[in-house]
Amino acid sequence: MSQARESDVREDGQIESVSGPVVTAIDLDAKMNDVVYVGHEGLMGEVIEIEGNITTIQVYEETSAVSPGEPVESTGAPLSVDLGPGMLDAIYDGVQRPLDVLEEKMGSAFLDRGVDAPGIDLEKTWEFNPEVTEGDDVSPNDVVGIVPETPSIDHKVMVPPDSEGGEVVDVNSGDYTVEDTVVELDSGEEIKMRQEWPVRSQRPADEKQTPDTPLVSGQRILDGLFPLAKGGTAAIPGPFGSGKTVTQHQLAKWADADIVVYVGCGERGNEMTEVIEDFPELEDPTTGNALMDRTCLIANTSNMPVAARESCVYTGITIAEYFRDMGYDVALMADSTSRWAEAMREISSRLEEMPGEEGYPAYLAARLSEFYERAGYFQNINGTEGSVSVIGAVSPPGGDFSEPVTQNTLRIVKTFWALDADLAERRHFPAINWNESYSLYRDQLDPWFEDNVAADWSEQRQWAIDTLDEEDELQEIVQLVGKDALPEDQQLTLEVARYLREAWLQQDAFHPTDTYCEPEKTYSLLGAIKSFNDEAFEALEAGVPVEEITAVDAIPQLNRVGVQDEWEDYVEELEDEIAEQIGELY
Amino acid sequence: MQKEYQTITEISGPLVYAEVDEPVGYDEIVEIETPDGDTRRGQVLESTSDYVAIQVFEGTEGIDRSSSVRFLGGTMQMKLTEDLLGRVLSGTGEPIDGGPEIEPDEERPIVGEAINPYSREYPEEFIQTGVSAIDGMNTLVRGQKLPIFSGSGLPHSDLALQIARQATVPEEEAGEDGDGSEFAVIFGAMGITQEEANEFMDDFERTGALERSVVFMNLADDPAVERTVTPRLALTTAEYLAFEKDYHVLVILTDMTNYCEALREIGAAREEVPGRRGYPGYMYTDLAQLYERAGRIEGEEGSVTQIPILTMPGDDDTHPIPDLTGYITEGQIYVDRDLNSQGIEPPIYVLPSLSRLMDDGIGEGLTRADHADVSDQMYAAYAEGEDLRDLVNIVGREALSERDNKYLDFADDFETAFVQQGFRTNRSIDETLDLGWELLSQLPKEELNRIDEELIEQNYVEEETEAIEAEE
């Protein structure tokens, strides 16, 4: 997070009471949402309520042994993040303290208190390549230079959005730290590579546009049935064990975004470690560079202080917006927004606020929609276009989607990937229920798929949806009378639908090849199942019994398409083989 | 700060409110002396400049307004030494086995600090529990937290004991040099009955497991509030043994339901706004602060693995306790009432059970190359068999195809031969997987669509007479 300077520190106050993460102070001269330092150890906190002379503070660190009478200092500034080169490849806690720096400073694997660290390395030098020359006029968010931050990402240094702009009078080129002045304006303003932004305010943009490009995820069920747009919003609700986190990880790994911000909000420590260990070894399928080069991680695990959990999603989305301003497509994964909502509930109940539904504060819906509204495909004020896509996992208690967090989220997001415990139980992964899920971007995105993948993309998809729907209805009858009581054509439909489920919808996230499936392969595999369907029905009409058709040797090989590297030839040969073998039956 | 007050203003349930004129730290330890000369310990739950709220561990019985209150000026500490191994302690950490006082090498606050996610090492070493349903299907790895979801009257204690007795880590088995990491078990009992406690202790003593164990006992008739301390003492001890003394520590906590009841009791006494079913809104955070203390740390030999046990009220896994637990832990093992009544030992219901860390802890070099495929295939086949059972109830077995019948047989055999092994049998991972192949070989080869073809060739047990042609 951004550092307070000595001179910023204003009037001292005194602690009046301590109860868990909520501390009240008297005689503190602070504004709402100001960052304050609490107690002798200087624990970081934020002002959340002011009543008369009493200021209520949520503290981002453990408050054991803190006692009334200890001093409280206000920084006079709201919670802000440091923005500049050095954020990619980093791993932060909920208030943007780099966890690796904390480990070093604390000299221990356990998180101590009262240690602060800047969000970006202030000492490190970066190569600044100016994009402006003396005499140029610049306005807010204009790019003044480029820093090659990682092999895949050029970091664009911009005029801060709250600047006045003006004429460039001095430009420095070469290696500088983020605190050195790289461009000077006639107003006397010095532009540095580092800027700050308060996390709870949206960074300004010109105009929000209707998204028309998909965020290709490499997951067949997502790209094929429920696509998400760049700049779109999606929710993944599901009970525990249904694969929310694996789905989020898959998106973080394979989505074709320029930048990925992954917020682990109140989740498991080991899962974050997995990300930290895995990502540096994985390659971005489009650029071939290490995935970590485009990733910024925010890890506030469930046992880290609850107030920092509340702020971590804001820290994440502010960083995402900053990259959006550079003209990048950013994807933000928040796992899980339920933990964020619970953090709000916990703080709210300590403040003894009047609770709304299920003890959540009455402002839950407002906070959720405020957050998701920060997503979008934007025309930036510097003329570039960039997007922030937000994918929020939701962990509904008992897997019950009628609870407040899921319901309030569904009112806002346009893509809904419903995870299903039954599917997970039979190890159908990703356990996304195709009957309950939806994407309102489908029509918007069809033109892209038709132009870039195949002209009959949407028709073929519709065939898959119809077949799956039909299967769903037939299954109800099968439950009552058994499969053999159905007419032959319906039995065949069930068989085709089985391959849709097993070969197409299922995808093995842990298989090196199957983990990522390009849209072309998604299309082609579906095409192979459809051509099996067509051949089979033709044979059925010609009088071949259904048992004979489904016993054809080559058909089960459809299940192996996903794991093929050289899938083009494989699919082609397989289609021919199936046609030939079915043809031999009559 | 040894100032004494006689300023108690209110006593309510497990809470005592007292006026103070000097600042008292949050979470600080308090001693209250009753008029009879009894000393009770407590902890500051809320501290303001003129009064404090104290949660009394040993119950507020006998405390009156003239009792004196002493603030000890520090948070609760656990006395730590390697000599704790083999000892039995009370729920507040005092020896109750008649042995000598503990001479600590070091004292640590029981509210552990969070492990920096950056410093963690991802768990991927297999722990062999000798239970097929766990090793084969829901593998436990070092540094994992894998709870047992059970119900009242089910033999979860026998399962826990079996695991405590049989658990080994491969390197220990391999008998590397004597300095290698050893295995230790920490047993934290919260609100269990004297009878259960005796059973545990008998078993521990009989099998010699006590030697490598530290036992914390909070019994059903001990004060409920004390239960909020017991798991923290156990975990502090576990962290010490793991990260100072290089042990692989397995922590068994039973029964988490009693722990949560205690949390609710304190919440209610403080008149807090309750969350679901009256449990406090911060229960997720509170539970996470316990469960997340499992793990491995980069550069450290030892590890902390947790098996918390909880009884689901009404066998309902959407109840807040199992629900919140499931969201924090890395999987869960279900103990099932139906299987238990069929006499399956241990009655583990494999379908809803899950080990999230399994994928990285198995395979070549860890367990066996075929492990993942075999377990996947058995899952799928068992799930299919389970589905068909509903149908059999309606149409009868004769109405089903031969293929369906094979799956039904598989599901039956899976329960009676694979899951069923008895609480005294210790199966190695090889035995477990070979047994898996034996069962899978009842199905036609083409049905094994989740197993690599090469592995099928190597391991499939061909039946001499049966035609392999499957009928759809």
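## A first look at chains A and B

Of the 472 residues of chain B, 61% count as buried, where buried means under 20% relative accessible area, exposed means over 50% and partly exposed lies in between (1.4 Å probe, protein chains only). Chain A has 586 residues, and buried ones make up 61% of them. This is a predicted model, in which local features need pLDDT of at least 70, side-chain atom pairs count only at pLDDT 80 or more, and totals for chains, interfaces and linings use all residues. Residues are numbered from 1 along each chain as its sequence is written, chains are lettered from A and ligands numbered from 1 in the order in which they are written, and side-chain values use heavy atoms, with hydrogens and water left out.

**Chain A overall**

- Chain A holds 15 helices and 26 strands; helices (H or I, at least four residues) and strands (E, at least two) are DSSP runs, numbered from the N terminus.
- Along the principal axes, the C-alpha atoms of chain A fill a box of roughly 90 × 55 × 40 Å.
- Among the contacts in chain A with a separation of 6 or more, 70% join residues 24 or more positions apart; contact means heavy atoms within 4.5 Å.

**Chain B overall**

- In chain B there are 14 helices and 21 strands.
- With a radius of gyration of 25 Å, close to the 23 Å that the globule rule gives for 472 residues, chain B is as compact as a globular protein of that length.
- The box filled by the C-alpha atoms of chain B is roughly 90 × 55 × 40 Å, again taken along the principal axes.
- Residues 24 or more positions apart supply 72% of the chain B contacts with a separation of 6 or more.

**Two helix pairs in chain A**

- Two packed helices are described by the angle between their axes and the distance between the axes. Here axes are lines fitted to C-alpha atoms, for helices over the stretch in contact, and angles run from 0 to 180 degrees between N-to-C directions.
- Helix α3 (residues 244-254) of chain A and helix α4 (residues 269-278) of chain A have axes that come within 12 Å and cross at roughly 25°. That makes α3(A) roughly parallel to α4(A); angles under 35 degrees count as roughly parallel, over 145 as roughly antiparallel, 65 to 115 as roughly perpendicular and the rest as oblique.
- The crossing of α3(A) with α4(A) is right-handed: a crossing is right-handed if the near helix is turned clockwise from the far one by less than a right angle, and left-handed if anticlockwise.
- On the α3(A) side, Thr245(A), His249(A) and Lys253(A) meet Glu271(A), Glu274(A), Val275(A) and Asp278(A) of α4(A). By class, this contact of α3(A) with α4(A) has one nonpolar, two polar and four charged residues; Ala, Val, Leu, Ile, Met, Phe, Trp, Tyr, Cys and Pro count as nonpolar, Asp, Glu, Lys and Arg as charged, and the others, Gly among them, as polar.
- Helix α13 (residues 519-541) of chain A packs with helix α15 (residues 567-583) of chain A at an angle of about 5°, with their axes 10 Å apart. α13(A) and α15(A) are therefore roughly parallel to each other.
- Residues making that contact include Phe532(A) and Ala536(A) of α13(A), and Trp567(A) and Ile578(A) of α15(A). The contact of α13(A) with α15(A) divides into nine nonpolar, three polar and four charged residues.

- Most residues other than glycine have a negative phi, and most peptide bonds are trans.
- Ala65(A) has a positive phi, near 70°, and sits in the loop between β5 (54-59) and β6 (71-78) of chain A. With a relative accessible area of 41%, Ala65(A) is partly exposed.
- Gln96(A) also has a positive phi, near 60°, in the loop between β8 (91-92) and α1 (99-106) of chain A. Gln96(A) counts as buried, at 0% relative accessibility.
- Thr254(B) and Asp255(B) are joined by a cis peptide bond with omega about 5°; Asp255(B) belongs to the loop between β17 (248-254) and α6 (256-269) of chain B.
- Another cis peptide bond links Glu345(B) and Pro346(B), with omega about -15°, and Pro346(B) is in the loop between α9 (337-341) and β21 (348-355) of chain B.

**Gln289(B), in touch with both chains**

- Gln289(B) is part of helix α7 (residues 283-291) of chain B and counts as partly exposed at 26% relative accessibility.
- Leaving aside neighbours within four places in sequence, Gln289(B) contacts Glu62(A), Asn303(A) and Arg232(B).
- Gln289(B) and Glu113(B) are 176 residues apart in sequence, yet 8.7 Å apart in space, C-alpha to C-alpha.

Technical notes: The radius of gyration is taken over C-alpha atoms; the globule rule is 2.2 Å times the number of residues to the power 0.38.
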